[in-house]
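Please keep the 3D view open while you read.

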Amino acid sequence: MQPNLKDRLAELRQYLKALPSNIPIPKESTYNFSNFSPDLDWTAEIGEAAAVNRELEVRFGSRAGGLKIVERGPETEAVVDVLETWIKKYPGDILLEKWTYDILEAARGLILAAGNTLPVLDVEVDSTKHKPVNVNNHQPEKRKKVQKLDTHILSTFDDDRYLTADEGEDARKGGAKMHPLLRKISKPCHLASDPTATKIVRCIASRGCNVTWPWPRARQHIMKHTAHECPSMAKEWRKEAREYMASQATGGKAKVTEAALDSDSNENVLPLEVTERPMKKARMEFNDLRSQQLFHHLPDHLSNEILP
């Protein structure tokens, strides 16, 4: 480990111990950093170091707008042991090292905001004397080789080009209730470069695909992108989107439970049993309009010309 980074970790330990008293010490910590290990499925999909980064995101929350420390105490301070353990295992990993500086900056801000004096780094502090966190190093279970598309899964879904916006109310009247998957795979936002601009919707994996849509959400466009186009979408969400698209292609005949569509677990995702057959959009729209008797006044020879 680089000496400078080692000093920052020692400094971080002192800063976390010096967090102001207005930060609560909960009876049950949501951080729980003394019991830390990366998710096995994430490790299999994106690698161990990236899985550690994502697990830190889950526990601290999004860093969009700056990391926020919401509790203090031993479970919060144990994050230093987590960082020491994994940075030693993956030296030079930029994402893991960035956590050190982000948490340090957040702690510094809280101490100064409370009117307290920043602790002075004790040069005799040796962070290696602290007992390392009990990291679960068991080997991930062997899994089938993932599709080529899965090799682009991101280690984080944050995208600093956008500022997250409130969901708000959909001004459109009527229509179907929002599908629960849409809130997972797309996020309302504003451009960070122009926060006052019109609200848009970004793909949750926009860092990898660079795709946005107008607000409010267009369900079919987003589902199609998730199911077949986005190279960086999480595997479980892509499966759920494919299930939805399959059920739409068969007119609802595909049996997909609401629990399966609303779950983040691969265990509840049904296998894709229906192969979608591409249909010509113009013909579909025309048949729909004809069924509503909007074109009943057109002669057959003109109707046939409209069709491709």
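Two strands count as paired if DSSP finds at least two bridges between them. Helices (H or I, at least four residues) and strands (E, at least two) are DSSP runs, numbered from the N terminus. This is a predicted model, in which local features need pLDDT of at least 70, side-chain atom pairs count only at pLDDT 80 or more, and totals for chains, interfaces and linings use all residues. Residues are numbered from 1 along each chain as its sequence is written, and side-chain values use heavy atoms, with hydrogens and water left out.

Let's start with the sheet. Its four strands follow the order S1-S2-S3-S4, with antiparallel pairing, and the sheet is open. Strands S1 (162-164) and S4 (212-214) are at the edges with a single partner strand each, so one side of each has no neighbour in the sheet. On average, neighbouring strands are turned by 50° against each other, direction ignored; axes are lines fitted to C-alpha atoms, for helices over the stretch in contact, and angles run from 0 to 180 degrees between N-to-C directions.

Three bridges hold the antiparallel pair of S1 and S2 (residues 186-191), while S2 and S3 run antiparallel and are joined by four bridges. Some of the facing residues are these:

| Residue | Opposite residue |
|---|---|
| Tyr-162 | Leu-191 in S2 |
| Pro-188 | Val-201 in S3 |

Finally, helix H9 (residues 219-229) lies across S2, S3 (200-203) and S4, and runs at about 170° to S4. Contact here means heavy atoms within 4.5 Å.
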